[in-house]
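Morning, everyone. Please have a look at the chain on the screen. I'll take a sheet and then a pair of helices.

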Amino acid sequence: MLEEFDDTAASSDAPRRRRRRGMGRGRRVLVSLLAVVLLVCIGAGGYGWFVSSKVDRGLTHENLLGDSKDNTTTSKGTKLVDDAGDNYLVIGSDARPGETNSRADVIQLVHVDKDHENVWIIHFPRDLFVPIPGHGEDKINAAYAYGKSPLLVQTIQDLVGVKIDHVAKTDFEGFKQLTDALGGVTVNNTQPGPDYPAGPVQLDGAQALDYVRERKQLAEGDISRGQRQQAWLKAIMRETLDPSVLLNPGRLNGVIEAGTEHTVVDDGLTGNVIRSEAIRLRSVRGGDIHFITAPFSGYGTTAEGESIDILDEKGMAALSDALRTDDLASYDDSTTS
């Protein structure tokens, strides 16, 4: 599903296959690849260096890529493509304070094309039923429960055939703090439920946390939740890129602190790397950021009675081809089911 969210339209009965909608151009986006956790760098010069060093100090680094860091093949021996743009995995854990075991509620693969002219954010629904190396078939978020970030990286690399370059993860407390640091955000809610109606919705941190977690009372469950998460992501981008934040060191400092406090990145993703990438993306505008939902063919249940999203294998092959050839603009999910 390819989606470009429109702030001017919201529908409570949107079909599963959504037509393409304009996102609106004219706003310059100097944003890092990990927008969901607000790794924002702005321009060059002293202020940019301040931002990158501030980000570096706030982030925690871990070996999130595991042994796959040096891998060149999938778990079945197929060569991974590593020269067709850059790929970043963003993980949002559902862990509550004090919990040690959790699954991944947010799984987004961020693809930047080789020319650094377009950014594609691909949502993998947590209930997508896929092969997990060493564990048979299961919901994709179970890969995180089985083997944390390294196994989730391997699982997605097997699906799409491209190498994941970097990983960042946050927990849902980070969603709350980031929203509050911005003074709240307004989302265009295209997935209404008993909690929030369709249309513009103002959210503070606690409300944003509930908003991105809800799925049981939404029309398409996990799929609708993923679209809510992307609507929140767009709102965060819009609010953060407002001059009242970007040009106000005090406010920006608070936002960076909130965005990095609960964020862990792989060892190679330093503030300087993020800043350098942001500078290369300086010509990207709002209409150049695209949202996709990984292809699925319907809903089902496992032998144990768990609800799942059934993988559209033909659609995933088409998505893989588009990623491996750095040609996501040609990907058309309407022809794959």
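Start with a term: two strands pair if DSSP finds at least two bridges between them. Keep in mind that this is a predicted model.

Now take strands S13 and S14. S14 covers residues 307–311. The two strands pair over five bridges, in the antiparallel sense. Within that pairing, Tyr 299 faces Asp 309 of S14.

Step back to the whole sheet. It is open and has four strands. Read across, the order is S7-S6-S14-S13. The pairing is mixed. Which strands stand at the edges? They are S7, residues 136–139, and S13, residues 296–301. Each has a single partner strand, so one side of each has no neighbour in the sheet. From one strand to the next, the twist averages 45°.

In general, strands of a sheet pair through backbone hydrogen bonds, either parallel or antiparallel.

On to the helices. Two packed helices are described by the angle between their axes and the distance between the axes. Here we have H3, residues 172–181, and H4, residues 205–213. Their axes lie 7 Å apart, at an angle of about 135°. That angle makes H3 oblique to H4. The crossing of H3 past H4 is right-handed.

Who makes the contact? From H3, the residues include Phe 172, Phe 175 and Lys 176. From H4, they include Ala 208, Leu 209 and Arg 213. How do the residues of the contact of H3 with H4 divide? Six are nonpolar, two are polar and four are charged.

Note on methods
Residues numbered from 1 in each chain as written. Predicted model: local features only at pLDDT ≥ 70, side-chain atom pairs only at ≥ 80, totals over all residues. Heavy atoms only, no water. Axes fitted to C-alpha atoms, helices over the stretch in contact; angles between N-to-C directions. Parallel < 35°, antiparallel > 145°, perpendicular 65-115°, else oblique. Left-handed = near helix turned anticlockwise from the far one by under 90°. Contact = heavy atoms within 4.5 Å. Nonpolar A, V, L, I, M, F, W, Y, C, P; charged D, E, K, R; others polar.
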